[in-house]
Protein chains: 2
Amino acid sequence: MSLIVVGSVAYDGVTTPHGKIDRMLGGAATYIALAASYFTPVKIVAVVGDDFAQEDVDLLKSRHIDLDGMERVAGGKTFFWAGVYSADMNERTTLRTDLNVFAGFNPRLPESYRSAPYLLLGNIQPALQKSVRAQMNSVKLAGGDTMNYWINDFRAQLLETIREWDFLLINDSEARLLSGEHNLRRAAAKILGMGPHTLVIKRGEFGAVLFRRDGHFIAPGYLLEDVFDPTGAGDCFAGGFIGYLAGRGVEVLNGEINIAELRKAVIYGSVMGSFCCEKFGVDRFRTLTREEMEARYREFQNCTAF
Amino acid sequence: MSLIVVGSVAYDGVTTPHGKIDRMLGGAATYIALAASYFTPVKIVAVVGDDFAQEDVDLLKSRHIDLDGMERVAGGKTFFWAGVYSADMNERTTLRTDLNVFAGFNPRLPESYRSAPYLLLGNIQPALQKSVRAQMNSVKLAGGDTMNYWINDFRAQLLETIREWDFLLINDSEARLLSGEHNLRRAAAKILGMGPHTLVIKRGEFGAVLFRRDGHFIAPGYLLEDVFDPTGAGDCFAGGFIGYLAGRGVEVLNGEINIAELRKAVIYGSVMGSFCCEKFGVDRFRTLTREEMEARYREFQNCTAF
């Protein structure tokens with residue numbers, strides 16, 4: 001079933017120990033949409049400038065991603081970010097952030113988007129996330145991401161926004177900041193009191209933990225032999241997670257949700273995040289096949305079963 | 001089947017955010033032996049001074065641990081270590097190391113130990129580990145631990161020693177140092193070329209990975225709500241791992257070993273390591289029951305199955 005993905009579509013300049021790319025397609029919504037597109041039809045809500053290249057439009061279209069909600073600002077330039085990764089790729093330093101047209105992003109959903117049943121809100125200002133939710137007719141599952149900046153400086157707005165969400169996908173440091181608890185289990189318990197019934201805490205190379213009131217599920221990180229570029233891995237995780245759930249039509253019925261499907265969604269999120277790191281930017285998604293995904297899913301089964 | 005455990009028996013002074021204990025029973029061999037004693041009969045090889053308290057002897061004896069190989073040096077003092085943990089307990093600073101009688105430790109196995117089929121060599125000088133191995137008649141499985149100091153300054157001796165081992169249990173930073181590879185999978189491949197057919201890389205709160213030439217198994221860290229004192233957790237992991245294998249009589253036959261049992265051993269190692277952190281020092285092992293262990297093993301199953 002259709003999934004709406006809201007967030008940044010951008011150009012990135014990335015330097016890793018494996019090389020340097022001055023300008024390539026990036027942005028949270030791009031990664032989320034590409035990853036999710038392997039599971040379900042995706043519709044993007046975003047803004048770009050008139051420098052947005054036809055070949056990038058073509059890539060998104062080749063994955064059958066609906067771009068009716070991608071506004072193109074005449075005379076504007078697309079969001080640009082540049083950063084460099086440390087030798088072990090566990091840290092990155094931002095070199096440049098040109099918001100450009102993204103500074104004025106005010107997401108408006110085309111009529112054709114409003115009755116989509118699934119919604120993934122990428123990391124943008126919480127009030128904008130809330131306004132998107134309000135434009136939808138009704139959704140089976142809605143949720144998204146946030147970041148330190150919104151947690152620190154837009155806390156009230158953020159709490160009001162996530163109160164309406166089914167799920168929240170954040171990393172461990174964000175979970176600690178949002179909850180004020182260092183311990184992951186305590187942090188999760190507090191966040192599950194803020195609205196979402198489902199919380200996924202991403203732990204980078206160490207995988208992810210799915211928390212619900214009645215228990216948790218721990219997924220390992222895939223042990224890659226070469227990490228070329230970790231940019232977008234967390235967003236691809238989100239795309240795989242919600243994409244799988246949308247593809248399977250998972251929803252909350254009488255306050256219950258299929259836990260087995262949620263667990264599989266976390267593994268598919270991990271699968272997509274792991275592929276993302278294998279090449280620069282979105283390049284892995286130019287060739288990735290469903291067969292490769294299923295083989296990696298089975299690898300996750302093999303390396304965790306006992 | 002009987003397991004020989006060689007290493008330090010010590011007194012520790014530990015400060016964590018939860019409190020401070022000036023002097024309590026510690027040492028790698030102590031933790032390994034206590035954890036392993038839940039699975040199999042254990043015989044300790046160690047050295048203590050005449051300050052070693054009867055109540056500590058009594059604790060070890062209450063777990064049916066054979067102390068015939070624990071030398072007591074008249075007029076000597078037991079190894080003492082003191083350290084303080086950071087607020088998040090991910091780092092620790094050594095405040096004091098008094099080797100005392102441990103400086104002259106030259107492990108000699110009583111006759112009654114020599115035909116034991118399982119051997120766990122705690123972190124001591126590699127030449128001493130090798131000499132212990134040479135004193136054994138024949139073993140089904142032998143292996144152990146090491147540390148940065150031996151890897152850096154006693155490399156040739158260490159390589160000669162581990163060449164004879166079935167398994168090596170080290171943490172991720174030691175694996176990187178030993179192999180010269182940052183990537184865990186590449187590091188493991190190199191180390192598996194040094195002799196051991198089985199490698200367990202411990203990742204602290206993120207669990208452990210079992211590597212063999214034909215594949216790997218990833219075990220998550222148990223998500224504790226309160227970590228009182230992480231001292232000894234890695235040694236308890238080792239004790240649970242080898243203790244389980246010894247208790248089940250697992251061995252290499254025609255170059256093959258039971259992989260399912262190895263995986264379970266990693267989980268029992270994780271179970272014992274997690275319990276260790278719940279109280280100061282060895283205190284959790286004063287009350288721990290087999291039923292609690294089995295319940296936690298099932299928790300590991302529940303939080304990893306998909």
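**Close-up views of a predicted two-chain model**

**View 1. Ala82(B) stands opposite Arg96(B), a residue of strand E7(B).** The model shown here and in the other views is predicted. Strand E6 of chain B covers residues 80-85, and its pairing with E7(B) is antiparallel, with six bridges. In general, side chains along a regular strand alternate between the two faces of the sheet.

**View 2. E6(B) and E7(B) form a hairpin.** Six residues lie between the two strands. Met89(B) is in the turn, and its phi is positive, at about 60 degrees.

**View 3. Strand E7 of chain B lies largely in the open.** The strand runs over residues 92-98. A residue is counted as buried if 20 or more other C-beta atoms lie within 10 Å of its own. Of the seven residues of E7(B), the number buried is zero, so the strand is largely in the open.

**View 4. Chain A contains ten helices and 13 strands.** Its C-alpha atoms fill a box of roughly 50 × 45 × 35 Å along the principal axes. For 306 residues, a compact globule would have a radius of gyration near 19 Å, and the 18 Å of chain A agrees with this. Buried residues are 48% of the 306 in chain A. Among contacts in chain A with a separation of 6 or more, 67% join residues 24 or more positions apart.

**View 5. The two copies meet through the same surface, because 100% of the interface residues of chain A are also interface residues in chain B.**

Note on methods
Residues are numbered from 1 along each chain as its sequence is written. Chains are lettered from A and ligands numbered from 1 in the order in which they are written. This is a predicted model: local features need pLDDT of at least 70, side-chain atom pairs count only at pLDDT 80 or more; totals for chains, interfaces and linings use all residues. A residue is buried if 20 or more other C-beta atoms lie within 10 Å of its own, exposed if 12 or fewer, and partly exposed in between; C-beta atoms are placed from the backbone. Helices (H or I, at least four residues) and strands (E, at least two) are DSSP runs, numbered from the N terminus. Two strands pair if DSSP finds at least two bridges between them. Two residues are in contact if their C-beta atoms, placed from the backbone, lie within 7 Å. The radius of gyration is taken over C-alpha atoms; the globule rule is 2.2 Å times the number of residues to the power 0.38.
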